Amino acid sequence: MQVPILKQRNYLIATIQSALTDADLLQLRDELTARVGRFRSLGVVIDVTVLDVMDSFAVRTLRATVHILKLRGAETVIVGIQPEVAFAMVQLGVTLDREATALDLEEGLVYLDRQVEGSGRHGR
Amino acid sequence: MAERRKGSTSRRPMGANVPAASLSEIVAHLRQNRTILREEWARRITEAQLLTAMTSEEIFAEATSIYDSYVEVLESGSVEALQAYARDLSERIIPRGVETHEVAGMVLLLRDVLARSLFEKYQGDFGLLNRVLDAYEPAANRVANTVAVGFVQERERIIRQQQEAIRELSTPVLQVRERLLILPIIGLIDPQRARQLTEQLLQAIRSNRAKVVVMDITGVPSIDSNVANYLVQTVDASRLMGANVIVTGLSPEIAQTLVVIGVDLSKMDTVGDLQGGIEKAERMLGYKVVPADETL
Amino acid sequence: MDGNKRTVQINVDTDIVTARQEGRALAASLGFSSSEQVLIATAISEAARNILLYAGTGTITSSYLEEGSKRGILIVVRDEGPGISDVAQAMVDGYSTSGGLGLGLPGMKRLMDELDIISEGGKGTTLIMKRWKL
């Protein structure tokens, strides 16, 4: 299942629409990496609102994605982790403590704006 | 007359498997005498002053259902239907204030009423009576047991549910400013309460779009691994939702205890007292609290 | 087919999603809260993942569980893989946050109420997980 990725100014917004298989997650990672490179995006929002389970593979892959995108010059924020999912993740013992997270798309964009401003780079 | 013929099974050689035939006799007898025996039972219930919380119509209605289920269990040997009925019955009468001894007493009375009836019928043939009782007793005891135990278990289940509800009511999450939640925790934290507190807070973070939570543990009397786990879990889970947690009410001694338990306090934002925590939260949110006379 | 029992074959990664969705659906029909459903689904997801990683193939069966007045869900995870030679050790080694090593058994145990393991080196693994309704 392809995850739709929208381009908004200097940002990419990937909105997950349904349960993702492992292959889908890896594909998302690769798609974002390619597009960040192509569009020279400064920020990426990955919206996981719809995901009802974030298991160890999902978390590992998202972590890897954030780091790869950072190497490509983009800040990434993961948004929309639901209360029940956050609770389950903590019980399972998987965390995203070095990756940026925000409540929802709106907050995610606010976060990216601050990051981009702070780093002194301004949009093209 | 027909029963006499069925009674000829008593002339089977010893050692043959009689109980099945006896049971079907018993069942037939109980079904035939349903009206009389049921009334007798209802009378004895009232006489023993059981089920006083129910009207006599209600008692009769339940007595009918139980009687029929009882006979069915004797016949089929399967307690599942009876278990289901026992649960259902308990769910209905527990809120009415019916006590365990009343339920146990009532079911035992039925056993007695039916046993007497069998005594009466087979008193002429002691050998046959014994075989009939051999068949009847284990089955009847299982029924009594099932109903009484079912009642007690249902009560326990309801009590657990109520405890859960009480726990939920006892900790409010306060929103004092936009994007800022305060969670004052009072009392002991056990794993069940910890789970409930965390879930409540996470839901509140979403509905209030909170960015900072000030969690005050001044009112938690003892700091142990349950509390430590709860704190760490809450901080981690809140962060996943984009909210920072400031823990307040930590004295140096408590901080020391937590470190000894193994909590990495460097990953946690802590401030000594609630007021300090709120101020820090406000700074984080970009609020500046200005004394009233300066705003003029 | 008993409507209260669902078995999923785990052979490929898409089966992980199927297994956890089936488990969640059953949990929902049993009256578990949404939050509990997520915990159960997450445990199933991890267990399914372990099957693929270590055994290649296996099954996950979710069913209704009853013990006295307690009602709940039973998840049985089976594979014919290499087995766990030191179960006690496996229960201690959890995931590290760098992720990946270990079976995540302590994590699964936190997600469910009970977790029992029947396994021997070379003889496959059976996980029995239970979660009770409040």
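Here is a short tour of chain A and the side of it that touches chain C.

Before you click, note that this is a predicted model, in which local features need pLDDT of at least 70, side-chain atom pairs count only at pLDDT 80 or more, and totals for chains, interfaces and linings use all residues. Residues are numbered from 1 along each chain as its sequence is written, while chains are lettered from A and ligands numbered from 1 in the order in which they are written.

**Select chain A.** Switch to cartoon and you'll find four helices and five strands (DSSP runs, H or I of at least four residues for helices and E of at least two for strands, numbered from the N terminus). Trace the chain along its sequence and the order is β-β-α-β-α-β-α-β-α.

**Zoom out.** The C-alpha atoms fill a box of roughly 40 × 25 × 20 Å along the principal axes. Now color by burial: 48% of the 124 residues are buried, meaning that 20 or more other C-beta atoms, placed from the backbone, lie within 10 Å of a residue's own.

**Look at contacts inside chain A.** Count two residues as in contact if their C-beta atoms, placed from the backbone, lie within 7 Å. Among pairs at least 6 apart in sequence, 74% of the contacts join residues at least 24 apart.

Helix 3 of chain A gives the largest share, six residues.

Technical notes:
Buried ≥ 20, exposed ≤ 12 C-beta atoms within 10 Å, placed from the backbone.
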